[in-house]
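Q: Some labels used for a model of this kind rest on cut-offs. Please set the values against those cut-offs and say what follows.

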Amino acid sequence: MDEVEQRPTAGSRLGVQENAGISTLEHGQKLPATPTGKLTSIKIQMLDDTQESFEVPQRAPGKVLLDAVCSHLNLVEGDYFGLEFLDHKKIMVWLDLLKPIVKQIRRPKHVVVKFVVKFFPPDHAQLQEELTRYLFALQVKQDLEKGRLTCNDTSAALLISHIVQSEIGDFDETVDREHLAKNKYIPQQEALEDKIMEFHRNHIGQTPAESDFQLLEIARRLEMYGIRLHPAKDREGTKINLAVAHTGILVFQGHTKINAFNWAKVRKLSFKRKRFLIKLRPDVNSSFQDTLEFLMANRDFCKAFWKICVEHHAFFRLFEEPKPKPKPVLFTRGSSFRFSGRTQKQVLDYVKEGGHKKVQFERKHSKIHSVRSLTAKPSGQHSEVPTQSCSFTYGDSADSPVEQSCRQGKELKVSVEDGGQRASPSLKKSPKEGRRLDRAAMATMEEEEEVVKDRPQHSRPQAQQPSTGSLAGSPHLSELSINSQGGPAMANVTLSPNLSPDNRQASPLVSPLLNDQTGIRTDDEEEVRRKRFPTDKAYFIAKEASTTERTYLKDLEVITSWFQSSVSKDDCMPDTLKNLIFSNFEPLHKFHTTFLKEIEQRLALWEGRSNAHLKGDYQRIGDVMLKNIQSMKQMTIHLRKHSEVLVELENGIKNSRKLETLCRDFEMQKVCYLPLNTFLLRPLHRLMHYKQIMERLCKHYPPNHVDFRDSRAALAEISEMVAQLHSSMLKMENFQKLHELKKDLIGIDNLVIPGREFIRLGSLSKLSGKGLQQRMFFLFNDVLLYTSRGLTASNQFKVHGQLPLYGMMIEESEEEWGVPHCFTLRGQHQSIVVAASSRSEMDKWSEDIQMAIDLAEKCNGPAPEFLGSSPPDTKSPEEPTVDQESEDDLNASRTSLERQAPHRGNTTVHVCWHRNTSVSMVDFSIAVENQLSGNLLRKFKNSNGWQKLWVVFTNFCMFFYKSHQDNHPLASLPLLGYSLTIPSESENIHKDYVFKLHFKSHVYYFRAESEYTFERWMEVIRSATSPASRIRVLSHEESHVY
């Protein structure tokens, strides 16, 4: 008797044990009684593209088939998945779990049903099973291949690198090239192979489970993650796409999200023929009509989308499965469709209770064995989050901070917050030291609230890069955001949220979490340390001079070491420009290196590290400051050249595309945490800091103090230098700001012209036929621009219109339009209605616009038109052009200034956009004055210990370092929109010198070492969290207050 050959099943390919398994049933429940009758064979296409046949009774409901598939795979969290197929009308629909299969699939022999992910949770850490995450990873791989998961090249390369790591293991160039040649993960993959391998090189030691986890961490931040587009039109006939997600209903134009309706705002969903209707809850702050209407191709498309919306709402928002409605006696009205199955909360509760048996499985494509534990973990969560070198705290919205940290050999925890629910699966460090979440990993994070920066080191020998400090012992953070200025040079790959392949910039918004256990000091240690150091206010003023000098020296090294190193590798900068820049900065760097050493030596004596403090001879700093400030006057010749340096560099960039690319790539390196031209102005700004320090010191000392005379003389000397360079400084700040804004804008040819002065930028809502739409406004002394964001891969702001200020009038119009904080701008040729986020924002804009109008009236006439044809491209013809790319979604030609520059996601402009606020030129000038550096202890809302960090505050942002020796920040926290307060008694802080920063649900506590440093941090941070209400611009009548 011949043996019957057994076909390998999907379960056997995954290596699962043959058992009944449970999928969508409650704990303790059994499979429903299978209806008797004729069996029908249905082909199921699995996520690994293999097909399996299942025989089920024809009259069985769809739930029986789904349960059979989940049971076959031993899939515990099967509720996230569904079965979809093309019906007889060629419409892709989901299998209804309550209806008989025979009524849905007319010709089973000719239909292939696909087993795919149906519900994408906001946080993949909520997926407790390794098998579930593996299947999600297969779904991401499939979506990439089919073009549904669109992203930039960097994100795509990073995703593929994790897939390759899970399939073939650690990096080997030969094996990688062979594998990529045989496997196509995305179209045009050949162009990305080098980038994929560069990322893959960083994953050494990463297990397949960890690769899945990292893959999902990156994918979930992509705007198109889990999105299935449904074509529709709005009332005006504009083609759009509708989609549904865990947050609500989304509206897309092409692949760009233009609107979202959260479930909390939706009162009712319905459809009538081919019209899809969304009834919103009344909102006094919303301009939307009570009911929104969208037209779809036909009734069947409309009903299919309505059903998936109902299911998403029930799965993510309800605590338990909705009960069926009682059947009407006579007539039925409307659809009887309802969600069937467990809700997400029920799934999470079931897995946490451990009501399942864990089994081993192997991955089909992986050459590495990943064995699931057979025994449940003692943790109450029973989670299987892979071992990691980083921990995360995620929120359920774009506003939620992503907090990451790494510890050396310590157990980490992941907190998952979603609608008040919290889970904390354990994370352990993987065996390999030095591994981290890729810096590019967050390259795709679009709307984060704080920014974490730690881009992985390039594999080139470190000897090629100048170094002034070591990060060997510091934790590695995944880069939640990249440098405030822009895209990364692939050679020095650095990651960040929101990063496009060319964009290594993170969206402003990811909170730093550097939970290195070694950085936490106990309270007893802190008290002993405090008693050891002086308590005199003059000591802390002197210490501020030391800490800020350290930061200033690091900023000089950005130019003298790092930038010079980059320039020397590429012969694209003229020798005259090289000499101009470095011959003026190198003497400054040499001088301030000695200056810092003298300050630190004096502080060491002051702190009592020798017997000199007993005599009191060294408990002063005025003499050191006076000596060095007098010597600094000899450097004035170099300081006067800095305006020329800035202008010539911008001219060089304008005339040479190679130089433009070099500077852009350098700005993406981790050491360049601010715009490059900002570093060129640092020496002028530092003079202001010396003046402020000496003013505080003179104010503190009584006239008979031994240090008063030297301090007062030093103040007089530095005040004279500031007065001499003040005028040049103001002009250069405006010049620098215009060039910085030019990088954020596209569709404008002549932003930087003589006489133009920047006044204010910020987010306002513009009233149009579609309601209030968020726009970014830029106010200058001659014109007002309004722009939108996100129509390009670089996330720059596209100029939509301009309003010349000459002849403009501004009127309040809240009563006329019924919109709070609304005002009308009436130009000579166009009028627009805009609304601010608050009364204070409205007052700032109204005041600044009116002042700009008055200035424009005093000029000779209207300003020239802003948006004209592009000027001739004067860049070297032999250099390759980079503006040949096109974007289908724009449907318009681009000017030469619309090249795809890398996205710079945490610039001030993007932070203002995300936090719906504005800043003025006066705010920027105040920010220049209010810079501070030093050690702070930081604590999170729900953490126990205090962690010591080196913090630099500049440009409205706190940058976090492990120590002052680090060359680049590990994370950053933009403070625009944050509130600064003192902790209340109920918060149980019980420590001195603690201040609190909070924005929405994000709360951070910081602790200073003394009353003076506490007051200084409060002072400088308040300047960022409470922007100036009045604006003064540089004009003939009134000079800009610095």
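**Labels and their grounds**

A: In helix 23, the buried residues are Glu 841, Met 842, Lys 844, Trp 845, Ser 846, Asp 848, Ile 849, Met 851, Ala 852, Ile 853, Leu 855 and Ala 856. Buried means under 20% relative accessible area, exposed over 50%, and partly exposed in between, with a 1.4 Å probe and protein chains only. Helices are DSSP runs of H or I with at least four residues, numbered from the N terminus. This is a predicted model, in which local features need pLDDT of at least 70 and side-chain atom pairs count only at pLDDT 80 or more, while totals for chains, interfaces and linings use all residues. Residues are numbered from 1 along each chain as its sequence is written, and side-chain values use heavy atoms, with hydrogens and water left out.

Q: What makes Arg 177 and Glu 193 a salt bridge?

A: A salt bridge is a side-chain nitrogen of Lys or Arg within 4 Å of a carboxyl oxygen of Asp or Glu. The N to O distance here is 3.9 Å, and the side chains meet in a salt bridge. The pair links distant parts of the chain, 16 residues apart: Arg 177 is in helix 6 (residues 173–182) and Glu 193 in helix 7 (residues 193–200).

Q: Why is Arg 177 called partly exposed?

A: Its relative accessibility is 34%, so Arg 177 counts as partly exposed. Glu 193 has a relative accessible area of 13% and is therefore buried.

Q: Which parts does the salt bridge of Glu 667 and Lys 743 tie together?

A: The side chains meet at 2.9 Å, N to O. Glu 667 lies in helix 18 (residues 657–667) and Lys 743 in helix 21 (residues 708–744), so the pair ties together parts 76 residues apart in sequence. At 3% relative accessibility Glu 667 counts as buried, whereas Lys 743, at 27%, counts as partly exposed.

Q: What separates Glu 740 and Lys 737 in helix 21?

A: They are 3 residues apart, so about one helical turn separates them. Their side chains meet in a salt bridge at 3.1 Å, N to O.

Technical notes
Helices (H or I, at least four residues) and strands (E, at least two) are DSSP runs, numbered from the N terminus.
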